Amino acid sequence: ELVGIEEKEYILKKALDKVRDKYDFIIIDCAPVGMISDAIPVGNAVDGTIFAISSQDTNKKDAANTQHL
């Protein structure tokens, strides 16, 4: 990675500010939270998040911990 988390958040927030007035909803798809850290700065730059979790493959404790990221 060439830029740190703070720089990514700043760049993303600037980009989102440019398009917020044009669209009712902006959906950003990210890699799984545990795999790559890109979901964390994206989560800090948006109004809300939705986690898609497999009831068969995801441990309940791991799913609960995503609320604290």
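Which helix supplies the largest share of the lining of the largest pocket? In this predicted model, the answer is H2, with five residues. Residues are numbered from 1 along each chain as its sequence is written.

The chain contains three helices and zero strands, and its pattern along the sequence is α-α-α. Helices (H or I, at least four residues) and strands (E, at least two) are taken as DSSP runs and numbered from the N terminus. Helix H1 covers 5–19, while H2 covers 39–45 and H3 covers 60–65. Of the 69 residues of the chain, 12% are classed as buried. Here buried means under 20% relative accessible area, exposed over 50%, and partly exposed in between (1.4 Å probe, protein chains only).

H2 and H3 each supply at least two lining residues. By class, the lining divides into 20 nonpolar, nine polar and five charged residues. Nonpolar residues are Ala, Val, Leu, Ile, Met, Phe, Trp, Tyr, Cys and Pro; charged residues are Asp, Glu, Lys and Arg; the others, Gly among them, count as polar.

Ile28 also belongs to a nonpolar surface patch with Tyr23 and Ile26, and the accessible area of the three together is about 270 Å². Such a patch joins nonpolar side chains (Val, Leu, Ile, Met, Phe, Trp, Tyr) within 5 Å, using residues with over 30% relative accessible area and no salt bridge. Tyr23 is located in the loop between H1 and H2 and is partly exposed, at 49% relative accessibility.

Two salt bridges are present, each defined by a side-chain nitrogen of Lys or Arg within 4 Å of a carboxyl oxygen of Asp or Glu. Asp17, Arg20 and Asp47 are linked in a network of salt bridges. Between Arg20 and Asp17 the closest N and O atoms are 3.6 Å apart, and between Arg20 and Asp47 the N to O distance is 3.0 Å. Arg20 lies in the loop between H1 and H2 and Asp47 in the loop between H2 and H3, so this pair ties together parts that are 27 residues apart in sequence. Arg20 is partly exposed, with a relative accessible area of 30%, whereas Asp47 is exposed at 72%.

Two C-alpha separations involve the loop between H2 and H3. Asp47 and Ile26, 21 residues apart along the chain, have C-alpha atoms separated by 9.9 Å. Ile53, in the loop between H2 and H3, is partly exposed at 45% relative accessible area. The C-alpha atoms of Ile53 and Ala63 are separated by 7.4 Å, with the two residues 10 apart along the chain.

Methods. This is a predicted model: local features need pLDDT of at least 70, side-chain atom pairs count only at pLDDT 80 or more; totals for chains, interfaces and linings use all residues. Side-chain values use heavy atoms; hydrogens and water are left out. Patches are made of residues with over 30% relative accessible area and no salt bridge: like charges are joined within 9 Å, nonpolar side chains (Val, Leu, Ile, Met, Phe, Trp, Tyr) within 5 Å. Accessible areas come from the Shrake-Rupley method with a 1.4 Å probe; for residues, only the protein chains shown count as cover.
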